[in-house]
Amino acid sequence: MAAQDDAPFLRIEGVSKSFGTFEAVKNVSLTVGKGEIFSLLGGSGCGKTTLLRMLAGFETPTKGRIFLDGRDMAAVPPWERPVHMMFQSYAIFPHMTVEANVGYGLKHEVGLSKADRAARVAAMLDLVQLSPFAKRKPHQISGGQRQRVALARALARQPKLLLLDEPLAALDKKLREHTQFELMSIQERTGVTFIVVTHDQEEAMTLSDRIAVMEKGEVRQVGTPTEVYESPASRFVAGFIGSVNSFDATVIGHEVPHLRLDVPALGSEILTRDMPGLVAGQHVSLAVRPEKLRITKDRPDGPNCMAGHVKDLACFGKDSLYRIALPGALVQAHAVNARRGDEGARIADWDDAVWVSFDPSSAIVLVD
Amino acid sequence: MARGRFARWFDNRGWTLLLIGAPYVWLVILFLLPFLIVVAMSVATNTPTAPPFSFGGDHPWINLEPFTRVLTDGLYLRAFLTSILNAFVAMVLCLLIGYPMALGLTRVSKSWRTILLMLVILPFWTSFLLRVYAWMGLMGKNSWFNGLLTDFWNVLVPLDWAIRSVPMMHTNFAVVLVMVYTYLPFMILPLYASLERLDPTLDEAAMDLGSRPYQVFLDVTLPQSIPGIIAGGMLVFIPAAGELVIPSLVGNASQPMIGKIIQDEFGQARDWPMASAVAVALLVLMVVPTMIYSRYQAKAEGAK
């Protein structure tokens with residue numbers, strides 16, 4: 001069925017969902033391409049799980065429509081959707097072996113012989129490296145292994161769309177990093193479209209081809225991880241993805257290719273990349289990521305230099321976080337610990353007078 | 001921090017032993033000892049004395065005659081068979097009626113759940129005897145209830161089959177009906193307890209993987225509720241098999257259940273050894289399913 005190759009694989013059209021008077025999802029429209037890893041990112045209660053449950057068929061949209069591969073999903077019950085879900089709790093059947101869990105969906109596959117079914121289960125267990133545990137019961141394997149059982153079970157019926165609800169939330173940090181890459185490699189090998197719900201921005205950044213940032217039931221921004229990080233559309237998105245220093249600012253005027261802003265908190269005028277459509281006197285926000293700030297002992301050349309002193313510093317090993325007091329604000333700056341050495345090798349120490357600067361192209365101007 | 005004298009005194013090992021030991025002492029004095037007396041009595045000889053049994057003298061120290069009679073006399077075998085059959089049918093009916101009710105309890109809102117659970121337990125607040133008498137009134141020949149059923153029957157069948165009343169009282173049907181009514185809460189409560197613990201996302205997972213709701217029930221809900229089914233089944237079957245009051249009041253006197261036999265042997269016949277032998281036989285009969293159950297439970301526990 002390559003008839004509509006350019007049509008999006010999954011199309012969500014103006015979908016809303018209300019529970020009583022509470023609107024959990026508000027007029028969401030999204031398209032997802034075939035083979036994409038698409039993340040729904042947001043804090044708890046932002047509607048991401050409700051949206052996922054509507055895709056699975058557990059909830060019915062109050063308004064709007066969902067098309068999968070050109071087919072309207074409204075009247076299709078969960079058990080007939082070519083969509084499978086990996087639940088946050090994994091929802092593994094405790095009374096069945098690992099093997100029986102993985103093969104559960106296959107018993108509904110018409111025309112699949114017993115031998116074929118066993119072969120598919122074996123292949124799936126192989127894919128998630130659980131073959132030696134086939135005969136175990138769920139309580140006899142670790143949390144990470146249970147997660148892979150859930151993945152294998154959801155993939156066994158070769159769904160068109162795989163929904164993953166906080167797939168890594170229950171794993172510890174070390175296992176999470178490992179599993180992230182495993183998920184990506186499995187997605188690559190199977191070619192199944194993944195929709196991932198997560199509250200963890202780092203997880204969304206590493207896993208996804210594209211991210212939809214949600215807040216209060218609405219989609220705030222859709223884009224690649226880089227787009228969302230480097231060009232957030234709003235103060236909310238900028239603050240939700242990564243950390244950010246943000247300040248109130250007033251537009252002074254365009255100085256092509258720059259824009260001049262008055263930023264009282266920084267005690268100086270700031271140059272940023274020009275943004276069309278802004279007029280002098282308009283109130284905006286200036287946002288600068290901590291890693292975009294440079295810390296130097298001497299005053300650097302160029303614009304956007306502020307003098308301050310080190311209020312606090314925390315060393316994380318590979319990098320350090322500085323909190324620097326400027327006359328009107330406390331800013332955060334990340335510095336990579338490139339040189340190896342004792343405390344003396346640091347750029348600056350507690351209470352040192354330093355200069356903070358950033359490139360005009362590194363700053364983000366937010367109207368919203 | 002200095003610990004008070006009371007706390008130190010209370011932490012004494014002796015107290016722990018007493019707390020754990022007390023129930024066992026209770027069980028030994030009030031259950032095991034009387035039971036041993038019954039066992040001893042079951043191998044005594046019936047004599048026209050007071051109490052009406054004796055060991056030794058002109059009689060054998062151990063008299064196995066009561067037991068051979070239990071195993072060979074048709075009266076006792078029939079009574080056992082009637083008891084087991086009535087109790088089994090009552091248990092199955094309780095399961096069939098109780099399962100949907102227990103499942104329903106887990107699917108309603110919290111506030112409804114409290115109300116409905118109260119309704120399940122409510123009958124216990126009225127005297128058991130009173131409730132059996134109420135059923136006797138309903139089933140009796142001249143009751144409005146019987147009359148209604150009679151009218152229904154007479155309207156539906158040809159004239160030749162017309163009846164004056166539905167023969168309900170003094171039948172095994174009546175015994176089973178009242179036992180189902182009486183023991184239903186004992187089935188619903190353990191079933192509810194086991195169903196309530198199940199994770200509803202498992203149902204969603206099964207549905208997501210292609211199962212229709214009835215398949216979800218068969219594959220996910222039912223197998224996980226087996227401990228509840230067994231517990232409920234035991235709680236109904238065991239007391240129902242030894243039931244005395246219900247068959248005496250609404251049952252067929254010519255088809256006595258085992259409880260009635262024990263009472264008659266003990267009272268009217270004054271044959272205490274025979275009564276004890278029947279009681280011991282009943283206990284052995286009940287212990288077998290109980291042991292199967294604890295085996296199963298031990299296996300299930302081991303699997304956790």
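Reader: Which residue stands opposite Lys17(A) in β2(A)?
Author: Val25(A) in β2(A) is the residue opposite Lys17(A). Please note that this is a predicted model, in which local features need pLDDT of at least 70, side-chain atom pairs count only at pLDDT 80 or more, and totals for chains, interfaces and linings use all residues. Residues are numbered from 1 along each chain as its sequence is written, chains are lettered from A and ligands numbered from 1 in the order in which they are written, and side-chain values use heavy atoms, with hydrogens and water left out.

Reader: How many bridges pair β1 with β2 in chain A?
Author: Strand β1 (residues 10-19) and strand β2 (residues 22-32) of chain A pair in the antiparallel sense over 7 bridges. Strands are DSSP runs of E with at least two residues, helices are runs of H or I with at least four, and both are numbered from the N terminus; two strands pair if DSSP finds at least two bridges between them.

Reader: And what lies between the two strands, β1(A) and β2(A)?
Author: They form a hairpin with 2 residues between them, and Gly20(A) in the turn has a positive phi of about 65°.

Reader: Which strand do 5 bridges join to β1(A)?
Author: That is strand β4 (residues 63-68) of chain A, which runs antiparallel to β1(A). In this pairing Leu10(A) stands opposite Leu68(A).

Reader: Turning to the open sheet of 5 strands, what is the strand order?
Author: The order is β13-β12-β11-β14-β20 in chain A, with antiparallel pairing. Its edge strands, each pairing on one side only, are β13 (268-273) and β20 (364-366). From one strand to the next, the twist averages 45°.

Reader: What joins β11 to β12 there?
Author: Strand β11 (residues 245-255) and strand β12 (residues 258-263) of chain A run antiparallel and are joined by 5 bridges. Val251(A) has Leu261(A) as its bridge partner in β12(A). The loop between β11 and β12 of chain A holds Pro257(A), and a cis peptide bond with omega of about 5° joins Val256(A) to this proline.

Reader: Where is the cis bond in chain B?
Author: It joins Ala50(B) and Pro51(B), with omega about -5°. Pro51(B) has its place in the loop between β1 (45-46) and β2 (53-54) of chain B.

Reader: How many helices does chain B have?
Author: Chain B has 14 helices and 2 strands. Its C-alpha atoms fill a box of roughly 90 × 75 × 35 Å along the principal axes.

Reader: At what angle do α8 and α11 of chain B cross?
Author: The axes of helix α8 (residues 172-196) and helix α11 (residues 226-241) of chain B cross at roughly 155° and come within 8 Å. Axes are lines fitted to C-alpha atoms, for helices over the stretch in contact, and angles run from 0 to 180 degrees between N-to-C directions.

Reader: Which residues of α8(B) meet α11(B)?
Author: Among them are Met179(B), Tyr183(B) and Phe186(B), and the residues met in α11(B) include Ile229(B), Leu235(B) and Val236(B); contact means heavy atoms within 4.5 Å. By class, the contact of α8(B) with α11(B) has 12 nonpolar, 4 polar and no charged residues (Ala, Val, Leu, Ile, Met, Phe, Trp, Tyr, Cys and Pro count as nonpolar, Asp, Glu, Lys and Arg as charged, and the others, Gly among them, as polar).
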